Amino acid sequence: MTPAQHDLLDTELAIARMILADVGRMEEQLIRWRSEMEKVDPQIFSNLEAAWVKRHKKQIRDYYMIPEHSLSDYMIQNHMPIAACMDETLIGVSQLPRPPRWLRKYARENVSHTLGFATSKLYPDTSRRDIPGQPKRSYAKSGMHAYFRLFSRAAHSLPDAAWFDQACHDREEMARSFPHLYWLAREFVFREDPASSLEAMDDRLEFFQVPEVPRPSKKTLARFLDRLKEPDGSKFLAFARGVIQELDRIGDDHSTSYGILGIPSLYRAAIFPRFIRLLNVAFKQAGSVSVIAEVLIQNPSFYTFQLGRPQGSGIMQLGRFHLLRTKFPDRNPKPVAQKQEGCVIRKPELSDSIFPGCLWMIAAARDPADVAWLLPVCAKALRNEDVAHFNRLVTTVGEIASPDAIRGLARLRAKTRHATMLKQLNVALAQAAERSGLTTAEAEELVALTYGLDEQRCRVEPLVGGGTATLTLAGSGQAVIRYADPLGALLSKPPASIKADAQSETTLHDLRADAKSLTADMAIHRQRLERSWLTGQSWTWSTFQQRWLAHPVLSWLARRQIWLVAYPDLTVFTCMIGEDGGLYGSDGTRLPLPHGDLLLSLWHPLHNGVQDGAESSCVTLWRQQLKALKIEQPIRQAWRETYTLTQEERESSPASYRYARRILNQAQVVEIGRKRGWRIRNLSPHMPSSESAPWAFSLPAHGIYADWRTGGVGIDHLPHGAGTFSHIITDRLRFCVLEDGGNWLYDGGRKLKEMQTPVRLGDIPPVVFSEIMRDLDLMISIAASDVSFNAETIYAIPDLGVWRRQAGLADIPLPKEPHFGALAASRRDEIAVIVKSMKVDDRLRFEGPYIMIEGKRHQYRLHLGSADVMILPDLRHLFLSTTLSNSARQKGPAYKPLHDDDRLDLILQRIIMLLNDDRIRDKDILAQFASL
């Protein structure tokens, strides 16, 4: 579109503004008159419609001299003419407010749809004045109901002088702040106009047209790469970047769900020149400002904001009515209209979205500098759950395949819970790694950031006055900042003097940002290493030294874990890696240094044949060694809960009912499960298909996947209009065959296919079975609910009845007690050790899953799984806050093997509080005591 097409003369602008000012004045009269009418009776228009329909039905019966006729049943409010709303006799009112002059004139000329005696006037030719740009069709005149529907009761629904002034401002603002989107919007408006010339169209729209798929084909990328090699290639790349960046910025303030012409400011800026031209052409034909204003307000359907998208936002149908035309109709023959469900669907010649095309241009360029601004756009699409945009964005980042791209995609994966988005992200991450000949896990290890940590895994930053701030790691991998004065004494908070020093403030700000990122990265590294039990990942000693021990962040994690070392001669032993690089056994003795041929993998207790109820000597020795060294493992090993097949599961194989018929809070279990890598779909009462898909965990390294069935529960407890169940009930777990048509290590599992062929539980590797069961135990332990079970409230998936007819499920009673699994059993053992160090005499004792507490006021029973407290002997539930105080953390033991168990800290806090219940000052708790 040439600039000349948008150069408007001052006289043209003046005429257009006068016309719109008249339109605004007339619409103001209409708003005022409707308001006065409703003061007479708030339902006056509805009453007029009902009275008119009743009168005309009677006239039809009298005209045809019949008591009743089906013809009169078609007389509805839409047939009521505008003139009827001025008829006082319809509702017996002596005098109605006088309507505006132009409305009275329009009412006299208007003929509405009528039936019976007026059938000759049913579909008369239109008497409206044609305006250039408006489709020329024969319309029957609208009735009162249809006409008033095009106007708002309080605000202006047609462009007026204020709209004109705003559009002038928007043209300047959009051209300055969003030049690429402004050009694109103008091009859309130009191509929508059937009268626009093909020669004036810009072929960039055709160039950026691509198939609507989440990944570009090799042919598409080759086409963009060829353009990049041309002299004007850099301009096309700059345009593509500008469109994506501007869409991201404008999306902060406006929804883009209706396209860029659904953004009011862009629409006004783009349509303004064309609209002004149309008004001036009409003015030349009519020669009167008031006549054109009357035409606009009497025929508002094409210009009202009430039919715009979004409604009432200053957007008309003008410029958005026709489909976009292509510059090269000979290359793209006009598609035939398709019929679907009785409707004719016109397929556009040109798509109004070039978002994918712009991204594929950026992907073809493969410039690592683009990653820095693309990743925040990905994060925003993730927060908004914009699946289509997110999938294309991560694909673009994956095509760039730089170290920053791999690192950024790994961080996004840790936050992604949506199954479709996660699948595409895994594919993008795997293909980015494949460009370097690596698996995803290997690539993530190589691009791990050091955050400036030294060999001691610390980063010391000087502060004003000689103090220091040190970034280091603690706990299960949390980054912490420790402050020290000039003499090296630790401080609880930053020195007050740094607030007056800009450089120290900047240093501290950067250090805190790095600490936040380091904590997030460590969570990713920790989960990747923990999942190596399921992925089967192992390392040669030389590779492990290079990627892990030589890396200050990864080495911190590696030196706190126990490793299984295998020599080529099948000799196997366990060890830990010391700060000096040496290997140490479970008894603390130094082991011979390995060579490059041996393999390392993360040790699991079941690697040493741990059986239910008994610990191997290896596990016992490692527990003693870790306690002696005061090492809190980021990934629990020596104290890890293990799960082995029971006799009942051998009999019910291939299904396990160990965790069947548990009622869980859906929101909690979905969040935990997705975080652990399970593919979970929310169960919805209005979407039966959501319950036909089981929760699944893929194990491609073993050619299987875990399949856990669930059903919705508690529909009676849902708030009105809720879209999901509040609770779910669990069913059987089984493992099925997983086929791989490619290589999941390098393609992100894109060709994995879940089969329905079950696998015997006895054929599942013990470590794999234990880790899957541990996930289920974790989800149930946290999300278990005390909702009473009622079979009538289950909204079961279609084949739930079939499962119940299978052996086992129907005979399993609903648990009467809160869940107490292996996680809670580990907690019980740890509390038993801690209690011995507390001077409480016989005031604490264990009874199964409970700990009995003898307080000063009452006796209590605390469940070691749920942490619920009951007051004895009445078994009255005591409601307590779940907030964990800092003082409770500090009062706990210095060394806690289960340091990542927040519920353990909560239970210890409650034990201490209830032992000293005479010191409780909380008003809510005291009120519960008083009610006993």
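In helix α3 (residues 101–109), residues W102, L103, Y106 and A107 are buried, where buried denotes under 20% relative accessible area, exposed over 50% and partly exposed in between, for a 1.4 Å probe and protein chains only. Viewed down the axis of α3, these buried residues fall within an arc of 140°, so they line one face of the helix; the arc is that of the directions from the helix axis to the C-beta atoms. The face of α3 turned away from the buried side carries the exposed residues R101 and R108. The cover over the buried residues of α3 includes α1 (10–40), α4 (144–148) and α11 (289–298), contact being defined by heavy atoms within 4.5 Å.

The structure is a predicted model, in which local features need pLDDT of at least 70 and side-chain atom pairs count only at pLDDT 80 or more, while totals for chains, interfaces and linings use all residues. Residues are numbered from 1 along each chain as its sequence is written, and side-chain values use heavy atoms, with hydrogens and water left out. The chain has 32 helices and 23 strands, taken as DSSP runs numbered from the N terminus (helices H or I, at least four residues; strands E, at least two). Of its 932 residues, 49% count as buried. Among contacts with a separation of 6 or more, 69% are accounted for by residues 24 or more positions apart.

Aromatic pairing was assigned to rings of Phe, Tyr and Trp (its six-membered ring) with centres within 6.5 Å; planes under 30 degrees apart count as stacked, over 60 as edge-to-face and the rest as tilted. The count by this rule is 31 aromatic pairs. The rings of W33 and F45 have centres 5.9 Å apart and planes at 70°, so this pair is edge-to-face. Since W33 belongs to helix α1 and F45 to helix α2 (residues 44–64), the pair ties together parts that are 12 residues apart in sequence. W33 is buried at a relative accessible area of 2%, and F45 is buried at 9%. A further edge-to-face pair is formed by W539 and F544, at 5.9 Å centre to centre and 65° between the planes; both of these residues are buried. W33, F45, Y106, Y147, F148 and F151 form one aromatic cluster.

The charged end of R223 lies over the ring of F207, 5.3 Å from its centre, and that of R227 over the ring of F236, 4.3 Å from its centre.

F164 is located in helix α5 (residues 161–177) and, at 5% relative accessibility, counts as buried. With neighbours within four places in sequence left aside, F164 is in contact with L13, A16, R17, L20, F272 and I276. The C-alpha atoms of F164 and R268 are 8.7 Å apart in space, although the two residues are 104 residues apart in sequence.

S770 is found in helix α27 (residues 766–783) and is buried, with a relative accessible area of 0%.

Note on methods. Lys NZ or Arg CZ within 6 Å of the ring centre and 35° of its normal.
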